[in-house]
Amino acid sequence: MKKILIFCIAFFAVLVTLVNIPNVSAAKPHYVITTDATYPPFDFQDKNNQYTGIDQEILKTIAKRQGFTYTLKPMSFNSATQSVSSGQADGVIAGMSITDERKEVFDFGTPYYRSGIGWAVKKGSDVKSLKDLKGKTVALKTGTSGADYALSVQKKYGFKVTYFNDSDTLYNDVINGNTQATFGDLPVIQYAVKNGTQLKVMNAKSPIEAGWYGFGVKKGDNAKLLTAFNKGFADIKADGTYDKIVAKYLGSSAATFTGNKKDNSSVLGILKSNDQAFLKGLWQTVLLTVLAIVLASIWGVFLGIMGISQVAGIRALSTTIIYIFRGLPLMVLAFFIYIGLPSVIGMKIPAFIAGLVTLILNEGAYTGAFVRGGFEAVEHGQMEAARSLGLPYGKSMRKVIMPQGLKIMIPSFVNQFIITLKDTSILSAIGILELTQTGTLIVSRNSQGFRVWAIVAAIYLIVITLLTWLSNWVEKRTRA
Amino acid sequence: MSDAQAKVKVHVEKVNKSYGDNHVLRDISLDIAENEVVVMIGPSGSGKSTFLRMLNQLEMPDDGTIVVDGFNISDKSTDINKVRENIGMVFQSFNLFNNYSVLENIMLAPIETGKMDKAAAETKARQLLDTVGLSEKADVSVNSLSGGQKQRIAIARALAMEPDIMLFDEPTSALDPEMVGDVLEVMKNLAESGMTMIIVTHEMGFAKQVADRVVFFESGKIQESGAPKQVFDAPKNERLQEFLSKVMHA
Ligand SMILES: Nc1ncnc2c1ncn2[C@@H]1O[C@H](COP(=O)(O)OP(=O)(O)OP(=O)(O)O)[C@@H](O)[C@H]1O
Ligand SMILES: [Mg+2]
């Protein structure tokens with residue numbers, strides 16, 4: 001195990017030096033800030049694929065006024081908070097509620113937004129208060145705090161409930177009159193209303209179970225960043241900038257941020273208005289795939305050669321490495337490397353590097369297993385014949401066993417390449433902005449799940465087809 | 001070759017070998033002189049292959065001494081690769097390299113061991129192909145050859161290293177009967193040229209013709225050895241008599 005750890009660390013060190021880490025200017029302090037990639041109206045991508053929203057404008061304005069710079073790392077909400085608690089990032093702004101539990105782990109800045117649960121009905125509805133819901137049906141989104149709250153008061157007000165997974169469908173159900181009301185995060189409903197949804201928010205001024213959102217840094221660390229945030233926040237609150245920002249997101253129409261309807265209602269429109277995002281995502285996927293294929297193949301062949309070594313200890317080491325990294329789910333390994341390791345080795349690992357290393361270790365283990373199998377499948381007599389002619393072990397391997405073994409393995413390699421390409425999508429979990437994550441971001445903005453995922457699926461199939469052609473071409477050439 | 005002056009090429013003394021509880025070779029001692037042709041016969045499982053494979057360290061003895069060409073190969077610290085360059089081996093299953101053409105099979109070892117440059121290796125290979133009567137097969141893939149052709153190529157491949165000892169482990173046992181003659185012919189010529197040869201075979205006629213000495217293995221022991229005439233026509237050992245009556249009437 002120790003050897004593996006040392007190897008991993010050495011590997012990171014090499015890779016880290018190979019990859020550009022944002023230049024830190026000497027004059028201004030520089031921070032890494034994480035955020036939830038999809039939480040409108042607080043955090044989301046606008047039609048130009050720039051991160052925007054209430055959180056982002058507050059942060060940008062404060063940074064400018066307080067004279068610090070930052071690199072923004074959008075990812076899932078859970079990864080965003082864990083990155084900060086593990087020291088991978090300096091701060092998190094992600095519509096995060098200040099709770100006693102989180103106060104154990106984070107130091108929070110001045111609470112910056114009062115949020116809570118809101119409820120809404122169809123415009124022009126007869127329902128004027130919660131009491132009017134008696135006998136009516138309420139639409140809820142699964143797993144939300146709005147749903148939890150509605151259930152807790154269901155008996156008291158005597159309504160029925162029905163569940164939805166998708167906000168758009170849910171809102172339409174209320175508007176069409178199948179259901180009569182909905183409960184949800186107040187700012188999220190407000191944002192939908194401002195975006196043209198024909199609902200009326202009933203408690204805009206008095207959120208239920210109200211709480212505050214806060215900017216968080218790791219407990220005990222980064223007091224400087226927190227002070228700067230608080231000073232800057234007091235400043236924008238005092239001069240009205242804060243109110244303007246909030247009004248901008250909760251007071252203007254959807255198209256301002258998400259692009260117009262025409263762009264979003266056809267596959268071509270979506271492709272055209274997001275071409276840069278898709279290209280960038282595709283590039284990350286391809287880069288990750290190509291690097292992972294090359295490095296995992298090298299590592300896998302190395303493991304495979306170790307696996308047929310004449311020394312029992314080396315064979316055992318190979319078996320152990322393959323066992324561990326084939327056994328770990330890819331996502332667990334990614335989280336372990338990206339979020340777990342940095343606190344142990346005291347060094348930040350960029351998400352791309354963490355993702356690449358994850359792929360190398362995982363795909364390399366599978367490769368190692370079939371490489372070992374391929375070498376073992378070469379007739380025993382081939383090695384004996386080579387050795388009996390006076391060729392040393394290494395030369396016999398290279399000249400006789402490996403060429404025959406690798407030929408047996410070619411289909412397995414092609415298969416592994418395709419799996420590697422598909423596995424890159426799992427790395428969206430640690431915030432790598434590859435093709436899948438790009439799709440997630442675009443859907444969260446335009447709610448066109450069917451069209452966007454169809455586009456993403458088509459792109460994957462095209463790349464896989466090209467990869468297969470390339471592999472077949474290489475296979476034919478090596479056979480000639 | 002009972003000449004006492006003859007140089008000893010292979011010296012085996014009190015060698016034992018076991019696989020688990022299976023005591024395969026028991027206290028074997030045997031000396032083989034330069035230019036001598038020794039044929040080993042015996043029932044299946046008697047240890048003939050194991051003995052032969054020890055002479056180029058494809059198997060290690062548990063104890064005892066094996067000296068080949070003056071190198072003590074029962075000692076782990078001997079550079080076995082150098083010794084093997086001088087010992088050719090021919091297997092029952094040919095073991096031609098599937099990833100090379102016929103010519104490349106023969107050229108590989110001389111080039112990779114640094115014994116010859118590419119041009120010299122090719123000249124040598126073509127000359128050997130001529131010797132085994134397969135010149136026209138130089139550039140074909142080994143998988144397109146018949147068994148008899150494969151075995152003649154395997155012999156050529158071993159000879160390309162210009163060895164001074166050749167080991168054969170049942171070289172004709174995997175061949176169709178009509179192919180056997182071609183291979184034995186090549187081996188006979190080789191014996192006549194003065195090569196030191198140790199051959200495991202069931203071809204009794206061939207043994208009578210080319211052997212200087214016939215060695216009978218049974219139960220991991222050399223039960224009897226001597227000139228072919230003596231061993232085949234006047235066997236003393238009871239088990240040898242039994243063995244011969246079986247193979248001769250088969
Ligand atoms: N690698 C091995 N592991 C275990 N047992 C072995 C091994 N090689 C040979 N043996 C055993 O050693 C004994 C002698 O085998 P060997 O191959 O030397 O016999 P042989 O005289 O060549 O027989 P045949 O005429 O069938 O080739 C047999 O019982 C065989 O099963
Ligand atoms: Mg045998």
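1. Chain B, overall make-up. The secondary structure of chain B consists of 9 helices and 10 strands. The model is a predicted one, and the points below should be read with that in mind.

2. Burial and surface of chain B. Chain B has 250 residues, and 53% of them count as buried. Its accessible surface is about 11000 Å². Carbon and sulfur atoms account for 44% of that surface.

3. Contacts along the sequence of chain B. Taking contacts between residues at least 6 apart in sequence, 64% join residues that are at least 24 apart.

4. Surroundings of ligand 1. The residues around ligand 1 come from chain B: Tyr19(B), Asn22(B), Val24(B), Pro43(B), Ser44(B), Gly45(B), Ser46(B), Gly47(B), Lys48(B), Ser49(B), Thr50(B) and Glu170(B). By class, the shell holds 3 nonpolar, 7 polar and 2 charged residues.

5. Polar contacts to ligand 1. Two side chains can be listed here. Ser44(B) places a polar side-chain atom 2.6 Å from an oxygen atom of the ligand, and Asn22(B) has a polar side-chain atom 3.1 Å from an oxygen atom of ligand 1. Gly47(B) takes part through its backbone, where a polar atom lies 2.9 Å from an oxygen atom of ligand 1. Taken alone, ligand 1 exposes 640 Å², and the protein buries 60% of that.

6. Elements behind the shell. Which elements give two or more residues to the shell around ligand 1? They are β2 (22–33) and α1 (48–54) of chain B. The element that gives the most is α1(B), with 3 residues.

7. The largest nonpolar core. This core has 71 residues, and both chain A and chain B are represented among the members that touch the most others: Phe278(A), Met40(B), Phe51(B) and Leu55(B). Helix α18 of chain A, residues 393–423, gives the most to this core, with 11 residues.

8. Phe278(A) in detail. Neighbours within four places in sequence are left aside here. Phe278(A) is then in contact with Ile270(A), Leu271(A), Leu435(A), Thr438(A), Ile442(A), Val452(A), Ile455(A), Val456(A) and Ile459(A).

How values were computed. Residues are numbered from 1 along each chain as its sequence is written. Chains are lettered from A and ligands numbered from 1 in the order in which they are written. This is a predicted model: local features need pLDDT of at least 70, side-chain atom pairs count only at pLDDT 80 or more; totals for chains, interfaces and linings use all residues. Side-chain values use heavy atoms; hydrogens and water are left out. Helices (H or I, at least four residues) and strands (E, at least two) are DSSP runs, numbered from the N terminus. Buried means under 20% relative accessible area, exposed over 50%, partly exposed in between (1.4 Å probe, protein chains only). Contact means heavy atoms within 4.5 Å. Accessible areas come from the Shrake-Rupley method with a 1.4 Å probe; for residues, only the protein chains shown count as cover. A residue is near a molecule or strand if one of its heavy atoms lies within 4 Å of it. A polar contact is a pair of N or O atoms within 3.5 Å; within protein, one must be able to donate a hydrogen and the other to accept it, and residues adjacent in sequence count only if both atoms are side-chain atoms. Ala, Val, Leu, Ile, Met, Phe, Trp, Tyr, Cys and Pro count as nonpolar, Asp, Glu, Lys and Arg as charged, and the others, Gly among them, as polar. A nonpolar core is a set of buried Ala, Val, Leu, Ile, Met, Phe, Trp, Tyr and Cys residues joined through side-chain atoms within 4.5 Å.
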